[in-house]
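Work through the exercises below with the structure open beside you. Try each task before reading its solution.

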Amino acid sequence: MRYKVGEIFTNIEVCELVMSIHYNEQDFDEGDLLERINRFTLYEIREVNVDELCTGYYYIDKDNVIKMSNLDFETMPPIVLGEKYGDKYDVVDGNHRVESAILKNRKKILAFFPIEWFLKIYLQI
C-alpha cells in the first residue's frame with residue numbers, strides 16, 4: 001500500500017498495521033507497542049526528517065536493517081511516532097526502518113504522526 005502525506009488514520013488502524021508486520025509477540029510485550037500507539041486516537045501521515053528521530057535506544061537486528069534497506073522505501077509502512085522529547089521524536093514502531101533509512105542516507109521518512117499531541121502542544125487546547 002502506498003501512503004499519502006495528509007492521510008488520517010485512527011489508532012485502531014495503526015495498531016492493525018503494526019500487528020500485521022510484527023510476527024513476534026515479544027515485540028508487543030517488551031515495547032508496549034499497542035499501549036503506546038493507543039495514547040493517541042488520530043494519526044496523520046507526515047514526512048519527517050530522519051535526524052529528528054530518537055535512535056539507538058533499542059536493540060536493532062543489523063541483518064534486518066540490511067534486509068529492509070533493500071526494500072522499496074515508497075511502499076514501506078510508515079514508522080509510528082510518539083511524544084517529542086527535546087528536539088527528537090520518540091519512534092514507537094519502525095526503528096529498523098529508521099536505521100535502514102540512515103544506512104541509505106535518506107533524509108526523510110514517512111511517519112504516522114500523532115495529531116492530538118501536536119494540537120495540545122502547539123495550539124494549547
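**Exercise 1.** How many residues has the largest nonpolar core, and which have the most contacts inside it?

*Solution.* The model is predicted.
Step 1: The core has 15 residues.
Step 2: Those with the most contacts inside it are Tyr3, Val14, Ile37, Tyr43, Val80 and Phe112.
Step 3: At least two residues of this core come from each of helix H1, helix H3 (33-37), strand S2 (42-49) and strand S5 (108-114).
Step 4: H1 gives the most, four residues.
Step 5: Another core, of 14 residues, lies apart from this one; Val48, Phe73, Ile109 and Ala111 are among its members.

**Exercise 2.** Decide which residues of helix H1 are buried, and which on its other side are exposed.

*Solution.*
Step 1: Buried means under 20% relative accessible area, and exposed means over 50%.
Step 2: In H1, which covers residues 11-21, the buried residues are Asn11, Val14, Cys15, Leu17 and Val18.
Step 3: Seen down the axis of H1, these buried residues fall within an arc of 160°, so they line one face of the helix.
Step 4: Ile12 and Ser20, on the other side of H1, are exposed.

**Exercise 3.** Describe the second largest pocket: what lines it?

*Solution.*
Step 1: The space in this pocket is about 210 Å³.
Step 2: Its lining has 13 residues, and Phe73, Glu74, Arg106, Ile109 and Leu110 lie nearest its centre.
Step 3: S5 supplies the largest share of the lining, three residues.
Step 4: Sorted by type, the lining has eight nonpolar residues, five charged and no polar.

Technical notes
Residues are numbered from 1 along each chain as its sequence is written. This is a predicted model: local features need pLDDT of at least 70, side-chain atom pairs count only at pLDDT 80 or more; totals for chains, interfaces and linings use all residues. Side-chain values use heavy atoms; hydrogens and water are left out. Buried means under 20% relative accessible area, exposed over 50%, partly exposed in between (1.4 Å probe, protein chains only). The arc is that of the directions from the helix axis to the C-beta atoms. A nonpolar core is a set of buried Ala, Val, Leu, Ile, Met, Phe, Trp, Tyr and Cys residues joined through side-chain atoms within 4.5 Å. On a 1 Å grid over the protein atoms alone, a cavity is a set of points where a 1.4 Å probe fits but cannot get out, and a pocket is an open set with protein on both sides within 12 Å along at least five of seven lines; lining residues have an atom within 4 Å of a point. Grid points are joined across faces, edges and corners, and a volume is the space filled by probe spheres set on the points. Ala, Val, Leu, Ile, Met, Phe, Trp, Tyr, Cys and Pro count as nonpolar, Asp, Glu, Lys and Arg as charged, and the others, Gly among them, as polar.
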